[in-house]
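Colleague: Could you take me on a close look at the place where the ligand sits? I would like to hear what surrounds it and what touches it.

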Amino acid sequence: MKPPTVTHDLYELDQDWNDEQRAVMLQIRKFVDQEILPTINEEHNNEVLRKDLIPKIGQLGILEMLAEGSLDPVTYGIVCRELERGSSALRSIVSVQGSLVIGCIRDFASAEQKATWLTKLGTMEAIGCFGLTEPDFGSNPAGMITRAEKTSSGFVLNGSKCWITNGTQAHVAIVWAKLDGVVKGFLVPTNTPGFTAQSIKGKWSFRTSDTGMLFLSNVEVPESALMPGAKSLGAAIKTLNNARYGICWGVAGAARGCFEEARQYVIDRVQFDGKPLASHQLIQNKLAWMAAEITNMELMSKRLGELKAAGRVKPYQVSLAKMNNCRKAIEVARVCRELMGANGIHSEYHIGRRMVDLETVLTYEGTEHIHSLIVGENLTGIPAYS
Ligand code: TGC
Ligand code: FAD
């Protein structure tokens with residue numbers, strides 16, 4: 001038997017990166033191999049949130065670069081891919097902190113708000129969360145019930161938010177609320193009286209991630225809590241599009257992780273006449289299909305990164321890749337699970353955890369249906385949301 005000449009990077013994408021991108025890729029890969037993979041399955045099984053990871057993620061320096069605006073989109077994509085090879089929940093910490101909180105503050109906050117939060121968020125001395133979804137308004141955030149009312153000194157906020165990543169760990173929450181019927185963004189320190197957060201337990205996906213409910217009961221904030229640039233729901237959705245871009249790369253990493261594990265497994269595992277599973281045509285057919293899908297995911301993501309760097313990226317382009325890549329990553333994970341037989345369902349391997357975590361990624365930041373409707377509207381000119 002010849003040794004394999006390629007693993008999954010058949011189109012040599014990783015050879016295209018510049019020195020800085022390659023260094024970042026190797027740095028995050030090492031972090032995942034040393035800090036995440038050895039213990040993550042046990043943490044997943046026991047629903048453990050590893051708080052010691054927070055400063056370590058800060059020390060990677062990635063979020064500081066995002067806070068300064070010095071990380072180019074493709075490098076950010078490579079970071080997301082490498083993190084999600086380890087864990088979707090880990091990549092989510094960086095997506096929320098980096099794209100949804102730091103990104104939103106950079107785009108829409110006042111100079112004073114930026115000075116208060118950006119440095120601390122970049123080092124992870126402060127944790128942020130992004131509260132858009134409500135118990136009764138997920139795909140349709142425009143219907144949100146959370147309200148802001150003007151007072152003599154600022155605003156009073158009332159309402160609740162649901163399924164909020166980092167919700168119980170955050171020092172500052174971006175709360176989207178309607179003021180006179182128009183959605184606005186507020187920066188709310190989570191120690192403000194009337195603000196409470198409660199952990200959502202019993203998830204079978206994202207078990208290593210903090211997901212919370214936020215409750216706002218007569219939360220009084222000063223006028224300076226309103227982000228002046230966040231004038232409508234469009235600001236929240238623009239912010240989401242940046243995080244969705246990172247997810248497109250991230251899920252390719254999760255698929256890569258599954259593929260690496262399953263490919264090695266079928267080469268090592270012997271059945272029927274002393275031959276490895278990998279010697280059978282059915283198995284090679286599945287490996288080839290997965291290699292094509294992973295290559296597609298990465299090429300779509302890289303192209304998005306190039307469009308983003310050139311300032312040309314359109315929301316429907318992001319939606320196309322979010323829709324495609326999340327679905328394909330789950331399909332790849334399932335095929336890998338199948339190729340590993342009974343071992344595929346055991347937490348000695350990472351595939352099962354990656355597979356159930358991908359179910360969350362398919363749903364959050366806009367479900368597959370919603371992204372197909374965004375693409376559909378741009379293909380037909382006809383909005384079909386309601
Ligand atoms: P509509 O009334 O048409 O527009 C409202 C405002 O949004 C703007 N807009 C878009 N902007 C960018 N990309 C798009 N695809 C956009 N679609 C609409 C629009 O220009 C308008 O702006 P403005 O300034 O006039 O206010 O929108 P609609 O209410 O009919 O809804 C459109 C729809 C369905 C696409 C939108 O509601 C949507 O994207 N829904 C999905 C909700 C979602 O993604 N939630 C995510 C919550 S956060 C999260 O999940 C974090 S997970 C943690 C992690 O990332 O790890
Ligand atoms: P629904 O909107 O009720 O949708 C249910 C189903 O109906 C889906 O299949 C959907 O595609 C479909 N559907 C809905 N409308 C249509 C339509 N018009 N046409 C066709 N099909 C439709 N939110 C935040 O704000 N911040 C966070 O940090 C955050 N983190 C999350 C972390 C986790 C672990 C999870 C699971 C979710 C998180 N979310 C967060 C919430 C997430 O964004 C929502 O779950 C998502 O937007 C979908 O909303 P929903 O769950 O209410 O589903």
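Modeller: Happy to! The space that ligand 1 takes up is the largest pocket, and please keep in mind that this is a predicted model. There are 26 residues around ligand 1, and those that come nearest are Ser92, Ser232, Asn241, Arg244 and Glu365. By kind, the shell around ligand 1 divides into 14 nonpolar, nine polar and three charged residues.

Let's see where the shell comes from. Helix 6 (88-108), helix 8 (233-268) and helix 12 (368-380) each supply at least two of the shell residues. Helix 8 gives the largest share, with six residues.

At Ser139, a backbone N or O atom lies 2.9 Å from a nitrogen atom of ligand 1. Gly234 also brings in its backbone: one of its N or O atoms there is 3.1 Å from an oxygen atom of ligand 1. Tyr364 uses its side chain instead, with a polar atom of that side chain 3.2 Å from an oxygen atom of ligand 1. As for cover, ligand 1 taken alone exposes 1,100 Å², and the protein buries 71% of that.

How values were computed
Residues numbered from 1 in each chain as written. Chains lettered and ligands numbered in written order. Predicted model: local features only at pLDDT ≥ 70, side-chain atom pairs only at ≥ 80, totals over all residues. Heavy atoms only, no water. Near = heavy atom within 4 Å. Polar contact = N/O pair within 3.5 Å; in protein donor to acceptor, adjacent residues only side chain to side chain. Areas by Shrake-Rupley, 256 points an atom, 1.4 Å probe, with all protein chains shown as cover. 1 Å grid on protein atoms, 1.4 Å probe; cavity = no way out; pocket = protein on both sides within 12 Å on 5 of 7 lines; lining within 4 Å. Sits in = over half its atoms within 2 Å of the grid points. Helix = DSSP H or I, 4+ residues; strand = E, 2+ residues; numbered from the N terminus. Nonpolar A, V, L, I, M, F, W, Y, C, P; charged D, E, K, R; others polar.
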